Each structure stands twice: as C-alpha cells, then as structure tokens.
Amino acid sequence: MKPFFKTFAMVLLAGMFSCSNDELRINDTVQQLDAVESVNDPYLLASVIKQTSLFYQNMSFDNRRLPSAVQHMQSNYQSSDNFYAGFRSPIDDMYSAMNILKLVDGSIGLADKRASKTHKGIFVTFRVLLFSFMTDFYGDVYYTEALKAREGILYPKYDKQQATYTGLLKELDDATALMTAGTEPIDKSYDLMFAGDKTKWIKFANSLKLRLLMRASGKMTDAGTRITTLLNSPLLTDATENASIAYVGVTADNSWKGGNINWGSVDEFNKRRPCKTLVDKLAELKDPRMNVWIAPVENPWTTDKAQNGVTVTTTDPNGFTYTSKWEYLDLTNKEIAAQTSNITDTDKLYVGFIAGMLSDWKNGNGHYNTAAGGVVGNFKVSQFSQLFRQNKHNLLKAQIMNSDEVQFLLAEAAAKGLISGSADTYYRKGITNSMLRWGVKQADINTYLAQTSIALPADKAGQLAKIAEQKWLALFTVSAEAYLDLRRTGLPNIFNNGRLSGFPFPLRYRYPGNELGQNRTAYDLGVGTLAPAVDDQFSKIWLLQ
C-alpha cells in the first residue's frame, strides 16, 4: 500500500528561523496538496481510528502530565509533574491534533467524492473530537479557517470558543444525519473500533455531543433542553459499547506503552506509581478494581514486631502473583529512623505515592534501602499491576470514550435537574459498566453497590460529589477527560491533597511557541479573550469564565 496522505508536522517547523513566515506557510500548502487520492474509505477509516485513539491514550499513561494532575499517578523519579510543572511551558499537543485533522479532512473530501455518507459521518465525528480537544485545552483556536492553505489562507484566525462549540455541535448533528442516511457498508476488518456496526458509530457521535453539552452546560441556557432531546437518540449504554481499540502487541506502534516492547527497561515502568489519593480511596471503598490496577507493596512497613519478616503471597484476578515481606518499623535502625518524616503508611499492603511530593525515590513512604532498590525501586510504595506491563491484554485499550462516562454524565445532568430521570440509576449503571470493563465479576459489583458508602445522599451537593468521585475512579487511564472534568466541576475536591497546598491547579494549556512567530495576530487575539489576558496555565478560557 502506498502512503495515503503525506501530512506535515507543524512542530518540526520549530527552529527553522532562517525561513520567512510566508515560506513556512507555503510549505503547509504544498504538503496538503501532496495527497494520494486513490486510497479507499476503509483504509482511511482504520488510520483515523488508530491515530486518534493512540493520541488520546498516550496522554493518559505514557505522558505523566495529565495522570499526575488528576492524582491517578505520581512520578517517583526525575519529574516535577507531581505539582503541575508540565503546564508551565508551551505545549505542542495542538499540532499533534492538527496533524491527525489533516488526515481526517482529506478523508472527508474523498468520502464526498465517492458519496460515502456513512464514512463521511464517521470522519466528521473524529473532526469534532479533535477540534474539541484543541479548544477545551487551549481556549480560542483556529477552526473555520483551519486547514485552508489550499484556498490561500496561510494565517488562520482563531475562532472564539463559544462559536467553535456552536459549530462542533452542529457538525455532530450533520454527522449523525449522514450516517443515518448512508447505505454503504463499513468494512469489519478495517473498523478497529466497532467492527462495522453503524449503530454504534451513531451512538458514539451522540455520546460525544452529550459530553460537549455537559462541558458547556454552565454557559448554555438551553443545555437541559438539548440533552433531554438527545435522550431520544441512541447513546453508548452497554458495558461493551466503548470507543476504544485493542492493542496488537507486535510492534512498538501497536503495543501498550508500558509493555516491554516500548519500555524495554522496567525502570521506566517503575517511575510511574499509583497516587496515594487513588489507592486510599480504593481501599476506603473496598473497591475490587484495586487488585486489578495496583500491586501490593514488596516490603510494607509494620508496627507489629511479631509480623516482621512474614511473607504474604497474593494473586490478582488476572493471574499475576506478588510476594510481600513485612518489615518492622525499627527506629533503632538509624537508616530507618532518618526516614520517619516520610513514612505515612504502615500495616498496609497497598500504599500510594503522596500527591505533590518531590519525585525522589526515598520519598513516598520512607524508602531507605536504596542500594537494594535502586533509584526507582521504592519497596514501600505500590507499583501499578503487572497488567500494565503487558504489550497487550484484553483489558488494555486505547480509549477515547467509554459507556460508563456517558452514564455518569447523565447522572450529573439528572442530579442538577437538567433532565428528568433517576440520578441513582445512571450512577449505578456507570459504576457497573466501569467495573465490567475492568473484568470485575457481577457478584462482586453487587456487593460493592450494596455498601452504604456507595449510596447517593439525598442532597444535591452530596449527590454531585459522590457522582464525581465514582466518575474520577472510572476515568482511570482516561486522564484527558478526568482533567477536564476536575477542572469543570472542582470535584472530587483533591486540590490540597498531600503536599499540593500552595500549588494552584492549572486551567489550560499554553499555546505552542511557534504560534507567536508564525501566527502572531491570531495568537494575540486569542490571548486577548482569556481572563486575565495572559497566555499562562491559570487564565480562564470562555468555558470557565
């Protein structure tokens, strides 16, 4: 198969200061014209699905910025992401999204020529997804003039976020109409996400619309009416209905990032530790996902001298076996005594790395035997389960949107009175779908749901807090959505956990540095709509103003 679309990488333009801005933008034009237009819709569909899914998933585990910000993960070596440092500098993820959008828009053009309405509707859905990512993380971005170099627009303007949202919601309506009217089949072998099931593609488009409506619900007076109307359309409902793809596990490109194909050294895997916020909440709620996600500590501290040296062997639901050997907190040992200020958890097999703590391997829970553990081998803090060390597994997916997220969105809407219906029903369905997605048995889910600690309280504020807490758990490894939700709702209230006091939560990404030199007029206007009008991580975009 010949290359189907020679995309340009805007990020590669950094450093080419010897070229004029016009030359750089003309290069964009040439690249967009250089397309091979003989490739079929199924092949393009597979490429769009794969590139977009991997783009989203890599933000949730490979890159520590977002999972650390939402306290699913913390770094224990050479990273300041534990206190949001990754947000301080300009971030080029907008260009990564644009590179995929070039493929998407090219695919839409080809589908138009072939009168492939179903495929065009799917491609438009991905277009909305990627543009929504850009505006949600940055604020005003180019939208109506984006990808128009073939029409001579070399310096696209930034659309105001409110106008972009209006356009994106309209595009989703167009997408569902196209898919409904389309008659051509979807090739099962190339449809990596829904195996040729057009109904599920329509459900995904509708569910994405629900996500955007809830995200903008604080700025839209008719959000409740529009969501109520949407309830008459099919949404992602069943636990198996998820916009995600499985990993093949053969090459680095098609394997889970934490597996040994991508991370040959286990050290890279061990640099990422579950956050204490996550571990403690799972333990508090007796959540069965604990044993799926988290490994027990190799050498947990104990205050029971009789327990010193006792070995515990555990096997998790996926068949991974771990050995833990209790170590007495012996303060007569000078090395141990020196670490007492860092020892926060004793007599626990599951221990998380403290939110906001410096990524020093001695920190977290008082690691002292660095000679044995190495710089990333803190025996006193849990690792992630060996599930996440696999190249592929039936539970590991590159995720964009899951059905449990949809149910929690509906639960929130019901609790706020935006729609009628039972918030509790949606809430429990969200928990159930999430647990089923992670392989938890229905009997264990029933036991979990029967706990009084899981029941929704009677008051609205209590309901919203409980819904947000369970949604935050369900969005584990979907960190982009967890971040945007935490930013939008302020729930669950984890902002001052651990050592984060004094570190304000970031509200957006800073524009890529190249925008200042190559598209300065648009950049300045975009910054001008922020509150305050400063391109930093604390300025509020329209959605938050």
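This report describes the nonpolar cores, aromatic pairs and charged contacts of the structure above.

The model is predicted, and local features are taken only where pLDDT is at least 70, side-chain atom pairs count only at pLDDT 80 or more, and totals for chains, interfaces and linings use all residues. Residues are numbered from 1 along each chain as its sequence is written, and side-chain values use heavy atoms, with hydrogens and water left out.

**Nonpolar cores**

A nonpolar core is a set of buried Ala, Val, Leu, Ile, Met, Phe, Trp, Tyr and Cys residues joined through side-chain atoms within 4.5 Å, where buried means under 20% relative accessible area, exposed over 50% and partly exposed in between, for a 1.4 Å probe and protein chains only. The largest such core has 148 residues, and those with the most contacts inside it are Phe-126, Met-134, Phe-137, Trp-201, Trp-293, Phe-388 and Ile-400. Its largest share, 12 residues, comes from H5; helices are DSSP runs (H or I, at least four residues), numbered from the N terminus. Apart from this core lies another, of 5 residues, among them Trp-301, Leu-329, Ile-336 and Tyr-368. With contact meaning heavy atoms within 4.5 Å, and residues up to four places away in sequence not counted, Ile-400 touches Thr-52, Ser-53, Tyr-56, Phe-126, Leu-129, Met-193, Phe-204, Arg-211 and Ala-243.

**Aromatic rings**

Rings of Phe, Tyr and Trp (its six-membered ring) pair if their centres lie within 6.5 Å, and planes under 30 degrees apart count as stacked, over 60 as edge-to-face and the rest as tilted. By this rule the model has 39 aromatic pairs. One of them, between Phe-137 and Tyr-509, is tilted, with 4.7 Å from centre to centre and 45 degrees between the planes. Phe-137 belongs to helix H5 (residues 117–138) and Tyr-509 to the loop between helix H18 (479–489) and helix H19 (514–518), so the pair ties together parts that are 372 residues apart in sequence. Both Phe-137 and Tyr-509 are buried. The ring of Tyr-509 also has the charged end of Arg-65 over it, 5.3 Å from its centre, a charge being over a ring if NZ of Lys or CZ of Arg is within 6 Å of the ring centre and within 35 degrees of the ring normal. In a like arrangement, the charged end of Arg-508 sits over the ring of Tyr-511, 5.0 Å from the centre.

**Salt bridges**

A salt bridge is a side-chain nitrogen of Lys or Arg within 4 Å of a carboxyl oxygen of Asp or Glu, and the count comes to 32. The table lists examples.

| Glu-171 | Arg-127 | 2.9 Å |

Glu-171 in helix H6 (residues 161–181) and Arg-127 in helix H5 are 44 residues apart; Glu-171 counts as buried at 13% relative accessibility, and Arg-127 is buried with a relative accessible area of 13%. By contrast, Glu-151 is exposed at 59%, while Lys-148 is partly exposed at 26%. Glu-469 lies in helix H17 (residues 460–474) and Lys-281 in helix H10, so this pair joins parts that are 188 residues apart in sequence, and both Glu-469 and Lys-281 are buried.

Definitions and conventions:
Helix = DSSP H or I, 4+ residues; strand = E, 2+ residues; numbered from the N terminus.
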